[in-house]
Amino acid sequence: MEEVSVYIHIPYCKSKCGYCDFNSYPGREDEYEGYVEALLRELKQRGRQISGAAVPSIFFGGGTPSILGAELLSLVLSRCKEVFTLDPRAEISIEANPETLSPSLLRDLLDAGFNRLSVGIQSFDDSSLQRLGRNHSGTQAVDAARQAAGAGFENISLDLMFGVPGQEIPQWEEDVEKALSLHPTHVSAYGLKVEEKTPFDRLLKMGLITLPDEETFTRMYTVAVEKLNGAGYEHYEIANFALPGYRCLHNVNYWRNGPYLGLGAGAHSYLKGERSANVRDPAEYLARVAEESQAVDSREKLPSRSALGEALMLGLRLTEGIDVEEYGARYGADLRLEYGPVIRDLSQQGLLEMEGTRLKLTWKGILLSDEVFLKLL
Ligand code: SF4
């Protein structure tokens with residue numbers, strides 16, 4: 001039976017962080033109920049597209065999904081259970097920010113069927129949190145992780161961020177150590193990237209913030225890898241680390257270029273080789289779903305070379321790399337022929353290596369992954 005993952009986007013947050021370019025909007029509380037009604041309708045309509053498939057994972061991402069509260073989230077998850085053929089061991093993740101969590105909400109989420117919690121901590125240092133524009137303190141971050149474990153969540157992921165303006169290496173080391181002391185099953189460690197048109201972009205251009213230099217940035221990443229590896233976490237993707245058996249199945253499917261159905265404002269889908277995206281703005285999404293029970297705004301079937309290039313870029317994010325023979329068969333192309341010169345060139349520069357039939361990034365390639373991916377476009 002084919003397997004298709006499901007992504008559900010909740011585009012609301014308490015406020016907007018200075019670095020954020022995600023599809024998320026603060027202060028639209030009066031839209032929440034209508035948004036959930038629209039999601040239920042879209043679920044029913046578009047769920048038919050994957051009626052013959054098994055669903056191994058559902059991921060509620062955002063925004064801040066936990067902001068909706070247990071009642072609305074349970075409604076959406078119950079509709080998922082009605083509409084999809086859910087694997088009994090399915091991974092059902094929800095992203096949450098510390099300030100939205102409470103012991104009762106956590107228990108309700110577990111009762112509803114969520115079994116993986118991803119907490120957006122970013123830092124335990126109050127001054128870094130303030131500079132990032134986050135709504136929680138370091139103490140709230142610790143409490144959130146402890147409360148989640150206390151409520152019975154066994155699979156907890158913590159998101160951390162390095163390369164924050166003003167952050168120094170010792171303080172980042174403390175963040176990683178503090179995260180480890182909370183015994184999560186999974187840690188994501190992202191380097192801050194300043195995206196265009198965000199407040200951070202303007203502040204940076206005006207010289208009002210400065211980022212750690214490249215050497216410090218690389219050192220921070222290296223420190224995280226060393227500390228997490230040392231504590232038994234497998235470095236399985238450029239920014240992701242898991243205890244054995246706790247890789248995020250939903251994201252692994254995405255990096256392996258597997259199929260997924262995305263529901264909600266701005267959500268992307270990849271089904272039968274076609275990429276599609278819903279309208280981004282939640283108000284427009286509501287209007288479209290009210291009229292048509294779905295809100296797909298664009299569709300694209302990639303030509304085979306681009307599809308292969310995209311699959312390569314995604315697959316190489318995994319530290320185990322990709323099996324060139326499997327990918328060749330999947331995309332009807334000989335990878336060594338199609339990409340031979342590029343792969344040879346990148347291998348000579350020490351950025352890629354072959355291990356049997358697997359092609360993977362070297363450590364240098366991981367550090368310079370953006371440059372490697374540009375060459376594969
Ligand atoms: S909480 Fe996350 S999605 Fe919301 S504004 Fe901050 S970074 Fe963006």
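Predicted model: local features only at pLDDT ≥ 70, side-chain atom pairs only at ≥ 80, totals over all residues.
Let's start inside. The largest nonpolar core has 76 residues, and the ones that touch the most other members are Val6, Ile8, Val119, Ala148, Leu160 and Phe162. Take Leu160 as your guide: leaving aside neighbours within four places in sequence, Leu160 is in contact with Ile121, Gln122, Ser123, Asp175, Val176, Ala179, Val187, Ser188 and Ala189. There's also a second, separate core, made of 19 residues, with Tyr331, Ile343, Leu352 and Leu361 among them.

Now find helix α8, residues 214-230. Which residues of α8 are buried? They are Met220, Tyr221, Ala224 and Leu228. Look down the helix axis and you'll see these buried residues fall within an arc of 95°, which means they line one face of α8. Their cover includes β7 (156-162), α6 (169-181), β8 (186-191), β9 (234-237) and β10 (240-242). Just after the helix, Gly232 takes a positive phi of about 95°.

Last stop: an open sheet of 3 strands, ordered β15-β17-β16, with antiparallel pairing. β15 (322-323) and β16 (352-355) are at the edges with a single partner strand each, so one side of each has no neighbour in the sheet. β15 pairs with β17 (residues 358-361) over 2 bridges, and Asp323 sits opposite Arg358 in β17.

How values were computed
Residues numbered from 1 in each chain as written. Core = buried A, V, L, I, M, F, W, Y, C linked by C-beta atoms within 7 Å. Buried ≥ 20, exposed ≤ 12 C-beta atoms within 10 Å, placed from the backbone. Contact = placed C-beta atoms within 7 Å. Pairing = 2+ DSSP bridges. Helix = DSSP H or I, 4+ residues; strand = E, 2+ residues; numbered from the N terminus. Expected span 1.5 Å × (residues − 1). Arc of directions from axis to C-beta.
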